Amino acid sequence: MLDAEAVERVDRSRMLDAVLRMGTVLEESLRSLEGLSLPFEEPSAVVSAGMGGSAIAGEIIRCWLMYTSKTPVEVVRGYHLPAYVDEDSLVVAVSYSGETEETVSVLAEALKRGCMTVAVSSGGTVEKLSKTVGIPWIPVPKGLQPRAALPHLLAAQVKVLEAVGVEIPVEELLDASSTLKEMSSELSPDRPVEKNGAKKAALSIHGRLPVVYAPESLWPAALRFKTQLNENSKTPAKAEVVPELCHNEVVGFEGSRELLSRMCVILLRDPDEEAVVRERMEAVKEEAEGRVGGLVEFWSRGSSRIGKMLSAILFGDAVSVYLAVLYGIDPTPVETISRIKRRVARLRVVEKVLDELVRRSLS
């Protein structure tokens, strides 16, 4: 059912290959950006602006540095920058395609405010605009789905922060890449179900509504898991974080047995959970067991916060592809996203932004 032949038959664009190469690609991308130099230093704050698969790298970095770096990191998923962002702030505009209208809008605002500004894309309008106005542009390889470009986008942003003097332990990311490479063989389609945690998880989720729960230290992994289930598996899903969900979400376990039987709870665990968080995670697990239709538990791996996040992300990515195979759905196409983009494109947001920049430069 989930052997290599079945995966190859359904996964026609080889999304699983991209998933399992995450560790290798991450290491290669980091090496390729060694010695990156930028004309900025010591920003007061960092804003990573992007949407969807281009935003998750910023979310990972935000969570990674939250308790170690004195430079705040914020992620913007929309058309506008927060009011506090000024010329002392670093804005990293990330759009894999280079055409994401929200990111182009934020990039234009950053230029208008005189921010330290860096762009990351595979080309497109973001590349053209960056070269026209003379801001640093970091290219990533073309031809990928944005969600499959995560290791490239993560490496690029990490190297940007290192280059401007933000305290960031890049060696932890290199160490994490080794863990990901080890895991890839364990999650391979050649490995049978009984020895493949991602395949077993996909079977538990199949036919049920997946709900991902995680402690704060793994929140980006929970969010990524949810969005990969959406895009790869073409299935509704949700994600919640501990301890917050213990103040609202858990009451849902008192609800309809019929509804709960159609739900699969996925617990992402951190081996270094502080005692109070572990107690809450265990309590949530006990409340869910015997009430929901399925329960999956994954213990993250790695010696650092970033390593554990990425191990959980690799697991979730693989699960989402195996679930797509169970549904007989090619994980790569995202037709609904494309339809909405075509509809919104009629408003000519990008063209208007560029027209305004030209007018301002001529005035």
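Biologist: Just after α7, which residue takes a positive phi?

Modeller: This is a predicted model, where local features need pLDDT of at least 70, side-chain atom pairs count only at pLDDT 80 or more, and totals for chains, interfaces and linings use all residues. Residues are numbered from 1 along each chain as its sequence is written, and side-chain values use heavy atoms, without hydrogens and water. Just after α7, phi is about 95° at G165.

Biologist: How many of the 14 residues of α7 are buried?

Modeller: Buried means under 20% relative accessible area, exposed over 50%, and partly exposed in between, with a 1.4 Å probe and protein chains only. Among the buried residues of α7 are H152, Q157 and K159. The helix is largely enclosed by the rest of the structure, because the buried count is twelve.

Biologist: How far apart are the end C-alpha atoms of α7?

Modeller: The expected span is 1.5 Å times one less than the number of residues. For the 14 residues of α7, that gives 20 Å. The model agrees, so the end C-alpha atoms are apart by 20 Å.

Biologist: Is L153 buried or exposed?

Modeller: L153 sits in helix α7. Beyond its neighbours within four places in sequence, L153 is in contact (heavy atoms within 4.5 Å) with residues including V94, V120 and V140. Its relative accessible area is 0%, so L153 is buried.

Biologist: What separates the C-alpha atoms of L153 and S121?

Modeller: S121 belongs to one side of β4, along with T117 and A119. Along the chain, L153 and S121 are 32 residues apart. Their C-alpha atoms are separated by 8.3 Å.

Biologist: How many residues of strand β4 are buried?

Modeller: β4 covers residues 116-121. One side has M116, V118 and V120, the other has T117, A119 and S121, and both faces are covered. The buried count in β4 is six of six.

Biologist: Which residue of β4 is the bridge partner of L90?

Modeller: Two strands pair if DSSP finds at least two bridges between them. Strand β3 (residues 89-95) pairs with β4 in the parallel sense, over six bridges. The bridge partner of L90 is M116.

Biologist: About how much space lies in the largest cavity?

Modeller: A cavity is a set of points on a 1 Å grid over the protein atoms alone, where a 1.4 Å probe fits but cannot get out; lining residues have an atom within 4 Å of a point. Points join across faces, edges and corners, and the volume is the space filled by probe spheres set on them. The structure holds one cavity of 30 Å³ or more. The space in the largest cavity is about 40 Å³.

Biologist: Which elements give two or more residues to the lining of the largest cavity?

Modeller: The lining is V46, S48, G58, I61, V73, V92, Q157 and L161. The elements giving two or more residues are β1 (45-49), α4 (56-65) and α7 (150-163).

Biologist: Which peptide bond is cis, with omega near 15°?

Modeller: Most peptide bonds are trans. P243 lies in the loop between β7 (238-242) and α11 (257-260). The cis bond runs from V242 to P243.

Key:
1 Å grid on protein atoms, 1.4 Å probe; cavity = no way out; pocket = protein on both sides within 12 Å on 5 of 7 lines; lining within 4 Å. Helix = DSSP H or I, 4+ residues; strand = E, 2+ residues; numbered from the N terminus.
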